[in-house]
Amino acid sequence: MRWDVFFGSFPTLLSALPVTLELAVISITLGFLLAVLLAAARLSGLRALAALAYAYVYVIRGTPLLAQVFFVYYGLGQLDAMRNSILWPVFREAYACALIALSLNTAAYGSEIIRGGLLSVPRGQIEAAKAFGLSPTQRFRHVVFPQALRAMLPAYGNELILMLKGTSLASTITIIELTGQARILASETYAPIEVFLAAGAIYLGLNVVLSFGVRLLEGRVQRSGGFAMEG
Amino acid sequence: MNPLHLLAFGPTGWGDELAYGAAMTLVIAALGFAGGLVLGLPIAAARLSSNVVLRAISGVYVTVVRGVPELLVIYLLFFGGGQFYRYVADALGYSGAVAADAFSAGVLAVILICAAYSAEVFRGAFQAIPKGQIEAANAFGMTRSTLFCRIKLPQMLRYALPSIANVWQLVLKDTALVSVTGLVELMRTIDVAAGSTRSPFLFYMTAILIFLAFTAVSNKAFEGAERHFSRSVIGGYGK
């Protein structure tokens, strides 16, 4: 172990950190929005819509993220329909493809967490809210949402960590984020152990901060009984 | 020409290559899963032990492995393995070429990852065993090893089974990442086929379908296992 190489690789590796964080933040945000729609589709009561959402979730959760990334980047580009469509300028870019694949992936896992959270609210509470004459919007805002949020937060926190780790797969389609930068540096310095350990330490640090943040949020939600109650 | 010809078996298609790759993926996943479970059990025991040092080491191991991208673990073992062998070769005075072998690096990576996740599953399952049962076993005068083999282990396995099924799915999917080392498993075969035939859509779609089939079959198998191990439990699975 050459400690000078280990510590010396941090500045170069950290220069690629913004790309990793950008990939994570954008795909988590887009994925969350899609996850809400998917969860709504599954709980909509419309059989065709629910079946479609179920199939989507099943396919995404049953296949490796790497296969999804390659499918979006290499696979779709082969189709003439894609090449001739207005979407081609987007799907031609590796960065956009990584974002799309990551967002589609986290949406499937996220929708299951949201669905589980919503279903965890006891029926009796919703009936009681109805008996009190609360409107559907009020029922959701004051009864269902705060409790569902409390139930889904720990699982969603785990999903955020998985997503942050998942951004490393963007390096397989030429994007130089943290892992991609580590590969380049490892081959330049001939010191893969030191460089990959340094990159691992950065990911670990990010995830420790992330899980600490989620735990703080959990504590806040527990104490106040949810954000919706504060307004 | 029908593009599905590319998937035919024999010298004209990629069918047999894909079958070989799929078999290799299953072998890596099975070895990694088995090794990971075997290693996961003592790690879980260390996590629950009263010894502070054991608890700290196992806790750090689980946090580190789960907090670092799987791809990075594979790179570290594959490229770092070569560097490690180089040190050993230099120390022994051998100056010829040495390289890490992709297969053992891949399997080892899957074992290390699977161990961290399954250790957490085992830990949770041990903790789910009602305290009264252990007190009852002590009251019967059971020795520690009898208590472990007859009370703790069988129940722990039943509690752990649903989550272990998830770990298997994770392992199966992580195996695809081993393709970055150039090891010819399913994903690598797909990459080569997609590139050389210029039909990436067909081949990546095929990869997705093969993985889906693996997932569907293993889901069914684990469901059957859960039913089997819960058969003597009142109010258990499916009752």
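Mentor: Gladly. Two residues are in contact if their C-beta atoms, placed from the backbone, lie within 7 Å. This is a predicted model, in which local features need pLDDT of at least 70 and side-chain atom pairs count only at pLDDT 80 or more, while totals for chains, interfaces and linings use all residues. Residues are numbered from 1 along each chain as its sequence is written, and chains are lettered from A in the order in which they are written.

Trainee: Which residues does Ala191(A) touch, not counting residues up to four places away in sequence?

Mentor: Its partners are Arg2(A), Val5(A) and Ala186(A). Helices are DSSP runs of H or I with at least four residues, strands are runs of E with at least two, and both are numbered from the N terminus. Ala191(A) sits in the loop between α11 (178-189) and α12 (192-224) of chain A.

Trainee: Is Ala191(A) buried or exposed?

Mentor: A residue is buried if 20 or more other C-beta atoms lie within 10 Å of its own, exposed if 12 or fewer, and partly exposed in between. Ala191(A) counts as buried because 23 other C-beta atoms lie within 10 Å. In chain A, 39% of the 231 residues are buried.

Trainee: How many helices and strands does chain A have?

Mentor: Chain A has twelve helices and zero strands. Its C-alpha trace spans about 70 × 50 × 30 Å along the principal axes. Of the contacts in chain A between residues at least 6 apart in sequence, 79% join residues at least 24 apart.

Trainee: Which residues touch the most other members of the largest nonpolar core?

Mentor: A nonpolar core is a set of buried Ala, Val, Leu, Ile, Met, Phe, Trp, Tyr and Cys residues joined through C-beta atoms within 7 Å. The largest has 102 residues, and Ala67(A), Ala199(A), Ile74(B), Cys114(B) and Ala207(B) touch the most other members. Helix α4 (residues 102-128) of chain B gives the most to this core, with 16 residues. Apart from it lies another core of 17 residues, including Ala39(A) and Val57(A).

Trainee: How many residues of chain B are in contact with chain A?

Mentor: On chain B, 29 residues are in contact with 30 residues of chain A. Elements of chain B that give two or more residues to this side are α2 (52-67), α3 (70-91), α7 (186-197) and α8 (200-229).
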